[in-house]
Amino acid sequence: MNKTIFEITKMDCPSEENLIRMKLDGISSIANLDFDIPNRKLTVFHSGQIDQVEKSVLELNLGGKKISTEQTDQTEFKENADQKKLLRTVLAINFAFFLIEITTGIISKSMGLVADSLDMLADSFVYGISLLAVGGTLTRKKRIAKLAGYFQIILAIIGFVEVLRRFLGDEKLPDFSTMIIVSIFALIANGVCLYILQKSKTKEEAHMKASMIFTSNDVIINVGVIIAGLLVNWLSSSKPDLIIGTIVFVLVIQGAFRILKLSK
């Protein structure tokens with residue numbers, strides 16, 4: 001068994017990890033992939049030559065570069081069932097708050113909450129793709145990724161159109177108190193997710209570290225919606241809500257294109 005380490009400078013969240021897994025899926029010489037996203041490293045355990053793997057990594061245009069190849073005695077790789085259970089928990093929390101935020105966002109006329117709900121949905125897609133793809137064929141993985149990506153883009157476009165309509169129209173102020181209260185609960189939920197992931201973290205659990213980074217971004221968005229709610233009340237204007245909504249929709253679109261890469 002050989003062990004080859006790659007540096008991948010643009011690998012900074014589970015979307016890139018899934019992209020790499022999809023690209024390398026089907027290469028029979030690969031025994032295991034070990035991702036260290038915080039340090040932008042990928043370790044490939046394989047038999048035979050690394051040429052096909054290296055070519056596939058470079059084709060992704062994620063700044064991949066082979067660092068070293070050496071022999072290793074490690075031949076057994078055991079999946080961590082607890083890790084999967086924790087990822088399912090994080091997925092459930094994210095999807096639950098997608099439902100809560102999109103419902104309260106529509107009722108309170110807050111585009112910030114609606115946009116944040118779609119970001120929660122995007123997170124659910126990333127975790128869901130990983131879990132649903134386990135044991136599945138490459139075709140199934142790509143189909144799931146494509147459907148998720150396009151659905152997310154459609155929702156984001158609808159959101160952009162609604163933001164534009166509200167910018168140009170004379171809309172009532174969103175309910176700032178609902179914005180703040182729901183976002184605080186969403187912030188707590190993401191904090192719980194971070195705690196769960198951090199509690200499970202070991203040196204071998206690179207995917208857990210990646211999930212922590214991914215969930216940390218949601219905390220920043222939650223804080224942004226809370227600030228927008230305070231500004232709506234202070235300025236008596238809906239513009240802060242629309243601005244934060246636009247910013248989050250852009251992030252949702254970016255996430256959708258990352259997911260679509262998985263289907264290629």
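Is Lys 3 buried, partly exposed or exposed, and what is its relative accessibility? At 21% relative accessibility, Lys 3 counts as partly exposed, where buried means under 20% relative accessible area, exposed means over 50%, and partly exposed lies in between (1.4 Å probe, protein chains only).

The structure is a predicted model, in which local features need pLDDT of at least 70 and side-chain atom pairs count only at pLDDT 80 or more, whereas totals for chains, interfaces and linings use all residues. Residues are numbered from 1 along each chain as its sequence is written, and side-chain values use heavy atoms, with hydrogens and water left out. The pLDDT is the predictor's confidence in each residue, from 0 to 100. Its mean over the protein chain is 78, and 78% of the residues reach 70 or more. Helices (H or I, at least four residues) and strands (E, at least two) are DSSP runs, numbered from the N terminus. Over residues 201-210 the pLDDT stays under 50.

Strand 1 pairs with two other strands, pairing being assigned if DSSP finds at least two bridges between them. It runs antiparallel to strand 3, to which 6 bridges join it, and Lys 3 has Phe 45 of strand 3 as its bridge partner. With strand 4 (residues 64-71), strand 1 forms 7 bridges, also in the antiparallel sense; here the bridge partner of Thr 4 is Thr 69. In a regular strand the side chains alternate between the two faces of the sheet.

Thr 43 lies in strand 3 (residues 41-46) and is buried, because its relative accessible area is 12%. Contact denotes heavy atoms within 4.5 Å. Beyond its neighbours within four places in sequence, Thr 43 is in contact with residues including Lys 3, Thr 4 and Ile 5. Gly 63, in the loop between helix 2 (51-59) and strand 4, is in contact with Glu 7, Ile 8, Thr 9 and Lys 10 when neighbours within four places are left aside. The C-alpha atoms of Gly 63 and Lys 10 are 5.9 Å apart, although 53 residues separate the two in sequence.

Side chains of opposite charge can pair when their charged atoms come close. A salt bridge is a side-chain nitrogen of Lys or Arg within 4 Å of a carboxyl oxygen of Asp or Glu, and the count by this rule comes to 6. One of them joins Glu 70 and Lys 3 (3.5 Å, N to O). This pair links distant parts of the chain, with Glu 70 in strand 4 and Lys 3 in strand 1, 67 residues apart. Another joins Lys 66 and Glu 54 at 4.0 Å, N to O, and connects strand 4 to helix 2 across 12 residues. In helix 5, Glu 162 and Arg 166 lie 4 residues apart, about one turn of the helix, and their closest N and O atoms are 2.8 Å apart in a salt bridge. Arg 166 is buried, because its relative accessible area is 13%, whereas Glu 162 is partly exposed at 22%.
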